[in-house]
Amino acid sequence: MNDTREPRGRAGAEGASAQRPEGLSTVGSPAPAEASPRRADEAGALRLGTRRSRLAMAQSGQVAEAVTRVTGRPVELVEITTYGDTSREQLAQIGGTGVFVTALRDALLKGEVDFAVHSLKDLPTAQPDDLVVAAVPVREDPRDVIVARDALKFTDLPSGARIGTGSPRRMAQLNSYARSHGLDIATVPIRGNVDTRIGYVRGGELDAVVLAAAGLNRIGRGDEVTDFLSVDTVLPAPGQGALAIECAADNADLVAALAELDDPLTRVAVTAERSLLAALEAGCSAPVGALADLLADGQFVKEMRLRGVVGTTDGTRMVQLSTTGPVPETHDGAMALGRELAAEMLAQGAAGLMGERAH
């Protein structure tokens with residue numbers, strides 16, 4: 001590769017701006033409404049289904065404002081409680097992050113809401129025939145971050161530091177990095193919202209927690225980050241930092257309107273990442289990381305580098321590979337890229353590192 005090319009740091013969020021819609025606003029969300037089994041008429045408000053968490057409400061509110069700009073119609077938020085929000089079990093035990101999606105999709109299929117906003121990394125890779133991801137807007141920062149006591153960086157944490165995360169993927173890569181660099185850390189499984197997780201640090205129960213940069217940015221708490229984890233240290237979850245706007249496949253007018261918010265470069269990147277995840281037959285909670293970097297010469301995106309990693313949660317065994325080539329021009333091309341890298345990873349023993357695989 002030509003050393004002068006720079007990766008687009010957000011894998012679809014920077015550069016090539018002529019192809020991308022107006023950015024999403026970060027101002028306040030519309031008032032939530034109760035779900036009702038009706039179809040919105042052309043002049044009425046569109047109903048956006050969202051989880052009740054602060055992060056979900058924030059990102060749904062931002063999408064709502066963007067949808068109003070492109071459609072001229074008001075959007076009301078309909079709060080929906082998912083099983084993942086009410087269960088206190090570890091995500092890996094209750095089906096992974098996909099448990100946040102089912103109730104929203106049920107509301108879509110029943111006509112209780114017109115469209116829904118998901119964190120793309122929570123979406124199972126199998127797409128229902130009667131629903132369509134109409135838009136994948138410009139991606140936020142895909143990296144993981146550390147929030148640590150005393151504003152410490154990851155490599156400055158003391159020996160025996162306790163780091164909280166609910167993600168087997170993060171555990172695997174943090175433990176692998178620590179082993180290879182002579183660091184002594186203990187990864188501790190946790191659940192809860194951002195306040196709960198950061199509270200473990202503020203209260204002295206943990207030395208640090210790992211969170212997604214995108215989530216903290218969307219709720220205006222990016223200034224609490226004490227260290228950004230390089231993607232060379234921890235590859236993010238497939239689709240991390242991106243949103244998926246989903247609606248009924250037979251609602252052609254709404255599909256077309258929402259498509260105005262789609263960012264083609266973000267979509268091709270996350271499609272390749274999720275194709276890798278699917279080809280590994282791994283679920284949302286598997287210890288799999290993937291990131292498609294879009295490589296640019298000046299203002300022009302020329303190539304895409306897809307990286308994937310899978311490992312045991314104790315970090316003792318890892319398979320990490322990458323491939324670089326022209327940016328896929330079609331959905332099928334992006335899917336093929338992910339499958340090809342997954343096949344190479346499986347040939348090197350990736351299947352045996354993921355525990356029980358999701359079919």
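Helices (H or I, at least four residues) and strands (E, at least two) are DSSP runs, numbered from the N terminus. The views below show parts of a predicted model.

**View 1. Confidence along the chain.** The average pLDDT of the protein is 84, and 81% of the residues score at least 70. Residues 1–41 stay under 50, and the model gives this stretch 111 contacts beyond four places in sequence. The pLDDT is also below 50 over residues 89–97, a stretch with 21 contacts in the model beyond near neighbours in sequence.

**View 2. The largest nonpolar core.** This core holds 27 residues. Those that touch the most other members are Leu276, Leu280, Val288, Met304, Val310 and Met345. Two or more core residues come from each of α8 (264–279), β13 (288–297), β14 (300–311), β15 (318–326) and α9 (331–347). The largest share, six residues, belongs to α8. In soluble globular proteins, nonpolar side chains tend to be buried together.

**View 3. Surroundings of Leu276.** Leaving aside residues up to four places away in sequence, which residues does Leu276 touch? They are Val288, Ala290, Leu306, Gly308, Gly338, Leu341, Ala342 and Met345. A second, separate core has 19 residues, including Leu46, Phe115, Ala134 and Cys247.

View 4. The strands β13 and β14 run antiparallel and are joined by ten bridges. Val288 stands opposite Val310 in β14; both residues are also among the members of the largest core that touch the most others. Is β13 mostly covered or mostly open? β13 is mostly covered, with nine of its ten residues buried.

View 5. Asp150 sits in the loop between β7 (144–148) and β8 (161–164). Phi of Asp150 is near 55°, a positive value in a residue other than glycine. Ala151 is found in the loop between β7 and β8 as well, and Ala151 has a positive phi of about 60° although it is not a glycine. Are these residues buried or exposed? The relative accessible area of Asp150 is 59%, so Asp150 is exposed, the cut-off being over 50%. Ala151 counts as exposed because its relative accessibility is 58%, again over 50%.

Definitions and conventions: Residues numbered from 1 in each chain as written. Predicted model: local features only at pLDDT ≥ 70, side-chain atom pairs only at ≥ 80, totals over all residues. Heavy atoms only, no water. Core = buried A, V, L, I, M, F, W, Y, C linked by side-chain atoms within 4.5 Å. Buried < 20%, exposed > 50% of the residue type's maximum accessible area, 1.4 Å probe, protein only. Contact = heavy atoms within 4.5 Å. pLDDT = per-residue confidence, 0-100. Pairing = 2+ DSSP bridges.
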